[in-house]
Amino acid sequence: MPLSKFQPLLNEMTLTEKIAQLVQLAAPFFKGSKDEGQITGPLAGLGLSQQTVKDAGSVLGTSGAEEVIRIQKAHLQENRHGIPLLFMADIVHGYKTIFPVPIAIGCSFDLELAEKSAEIAAKEAAVSGLHVTFAPMADLVRDPRWGRVMETTGEDPYLNSEFARAFVRGFQGQNLSLESSRVAACVKHFAAYGAAEGGRDYNTVNMSERELRESYLPAYKAALDEGAEMVMTSFNTVDGIPATGNKNLMRDLLRDEWQFDGILISDWGAVKELIPHGVAKDEKEAARKAIEAGVDIEIMSACYALNLENLVLEGTINEALIDEAVLRIFTLKDKLGLFENPYRAADPEEEKKVVLSDENRVYARTLAEKSCVLLKNDGLLPLNVSKKVALIGPFSTSGDILGPWSWMGSKDEAVTLYEAMKTRLSHPNLITAQGCEIHTGSEEQLAKAIEAATNADIILLALGEASEMSGEAGSRTSIQLPQVQLELIKELKKVNKPMAAVLFNGRPLDLHVIVENTDAILEAWFPGTEGGSAIANLLFGDSSPSAKLTMSFPYSVGQVPVYYNCYNTGRPKDAVDAQERYVSQYLDSPNEPLFPFGFGLSYTTFHYENPSLSSSVMNENDTIEISVKVTNTGDASAEEIVQLYIQDVSGEVVRPLKELKAFQKIFLQPGQSEQVTFQLIEEQLRYYHSNLNFESDPGNFHVYIGGNSRDTLSLSFELRKKMEGKINDNSNSIKISN
Ligand code: GLC
């Protein structure tokens, strides 16, 4: 490593001081915090010395510019070398202006708006004193039982990669050193956290290195290619070794193969969790394994603080490991300009203007409108303002629409569905009834709901999961709405009025009961601060829903995992010569999901025709063009997300039935047509072979193009390659590119 400009400072520091730089603690540990000294629970037992706190390198979770300024000022008065603190927090889908949860943003397929949402989040966070956000979360997911699916953009490696890039661009801008309204991005959770067995959070992850590289790693790599400054380790094991102590994953792959030289930070307590994982007998061994794996900062456990010095003094680890970690931390502090201006963009007066501004709310509303997925509509939507609407359900007036990881957002600042509906329908055309709570209900609530429904022309249900039913540690074995809500639907069905449902949830749900009993379904996810306004705009047709699912919705949890980019198996159920029974199927359920990846309805219809290829043969350096004519055949103007998939018909290993390779958003007036064209090159056909070489094979490919992953037009082409002598040339293996 070239001699750092911080080498002189490093030489001045004691080993104790250097180790303290690797420690991150919550704000209450620090002088000047609004909750100074309020250390409770497991944190109280960390056993940290006051000196460690005084010399700590970074702070987790602060509440605004004033607090940051107080903590930084107090710290600099006591830190012997005047080394500034780094302030970090989870700004995942907004700081105080809360945007839709990332699974919803993914459904927008709108990379520009995703980037803008991160830019706004960064601006609000930076003026509030923060320097780093623990985002984007780039974990691929295929299991809706897992609570953190709400934090990802879904089940496709390519789409997740594109969104990871967009979020990093928004958070970091072009140059962190020049743009103090941006924050450093920390891509997480490295790696494959979303593949927890059983969808149970923190559970074991088992998969081949080939599958890891093929499906789970691309989005992290994309975030790093886009310049993400940090990586956060995941809680799970990867091939039997917890990520936080996994040298193969962190040293060999992340540092050596990917050449990542930024900060690697543990997840909360993950260093100490090497003990319950069963790979460290005590905190000293946990500290050794984590530092040897290259973890630079330990969050919220004290293994480093209490053991690294002894490990160095007794010669078990080389002090150089400490030095390299400190230098990485100094490099980021320097990039953020903190040595010159430790307060960076923190400005309490400016904070009042920037945070939750009307302009930011407009973007939040726009993105929320583009993130709600219309799953069913038998003509009931858009609503007619002359009709009397009974708004019924636990989310009618609820502000719990920000979703998990919205800790700085306020439910009181959220626009509820009822508040938004009131601006559209004046009394008596809008009546409301709670109907039930999230999990419980009463006869009285039900009676009032039935009365409201009876006196209305249309029933509008507002149902869903409380935000704590997803998010971290929010895994569920059932993916249905709580039973009381399903009962409410069935009881209101008896009133025999047109009925629409708006859903607020953090995961794909088993919606078959709702599909059977309603005339329209709008999946709103957790739409954020402006959620109610966005939903009302869609319900009354100011704009048409345009979002498409980025994660499959199963018929039942029994199908899980069910995802579009699956393999065909040797006994595909729909093969022309398929036997009646002995095929890959369930006796009690279809194989396909209830709603597939890429699916979403509109207030209009789109017709796809005349697909064409510029050539039926692709040579290695060719670009072939795929074109299709799309026509708005309905009577509403709307956006359509045109999707391009491929299938490698015969690979060296089995290949997915479909792989998303491109998409385009178009806007068409009624009757308008557009020729949509995509380019495809050989690089997009590459995959990991059994020897981990990342390359394409000559042969036949299908191309599928349409408005979702199921209903597509198909074409075929052949890839031809000069077949040089095939050597096991590792030079082109193990590189990840998207
Ligand atoms: C949590 C989460 C992680 C978050 C970290 C700091 O446990 O797993 O996503 O960034 O702690 O809050």
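## Terms and model

A polar contact is a pair of N or O atoms within 3.5 Å; within protein, one must be able to donate a hydrogen and the other to accept it, and residues adjacent in sequence count only if both atoms are side-chain atoms. This is a predicted model, in which local features need pLDDT of at least 70 and side-chain atom pairs count only at pLDDT 80 or more, while totals for chains, interfaces and linings use all residues. Residues are numbered from 1 along each chain as its sequence is written, and side-chain values use heavy atoms, with hydrogens and water left out.

## The ligand

A polar side-chain atom of Glu 472 is 3.0 Å from an oxygen atom of the ligand. For Arg 148, the distance from a side-chain N or O atom to a ligand oxygen is 2.7 Å, and for Asp 267 it is 2.6 Å. The protein covers 94% of the 310 Å² of accessible area that the ligand has on its own (Shrake-Rupley method, 1.4 Å probe).

The residues around the ligand include Phe 134, Lys 188, His 189, Trp 268 and Trp 405 (each with a heavy atom within 4 Å of the ligand).

## Thr 97

Thr 97 sits in the loop between β3 (86-89) and α5 (102-108). Helices (H or I, at least four residues) and strands (E, at least two) are DSSP runs, numbered from the N terminus. Thr 97 counts as buried because its relative accessibility is 0% (buried means under 20% relative accessible area, exposed over 50%, partly exposed in between; 1.4 Å probe, protein chains only).

Its side chain makes a polar contact with the side chain of Glu 124 at 2.5 Å. A polar atom of the Thr 97 side chain also lies 3.4 Å from the backbone nitrogen of Leu 356. Beyond four places in sequence, the residues that Thr 97 touches include Ser 357, Asn 360 and Thr 529 (contact means heavy atoms within 4.5 Å).

## Ser 602 and the sheet

Ser 602 lies in the loop between α21 (531-539) and β17, and with 13% relative accessibility it counts as buried. The side chain of Ser 602 makes a polar contact with the side chain of Ser 544 at 3.0 Å and reaches the backbone nitrogen of Thr 604 at 3.1 Å.

Strand β17 belongs to an open sheet of 3 strands in the order β17-β19-β22, with antiparallel pairing (two strands pair if DSSP finds at least two bridges between them). β17 (606-613) and β22 (673-681) stand at the edges with a single partner strand each, so one side of each has no neighbour in the sheet. Antiparallel strands β17 and β19 (residues 623-632) are joined by 6 bridges, and Leu 613 has Ile 626 in β19 as its bridge partner.
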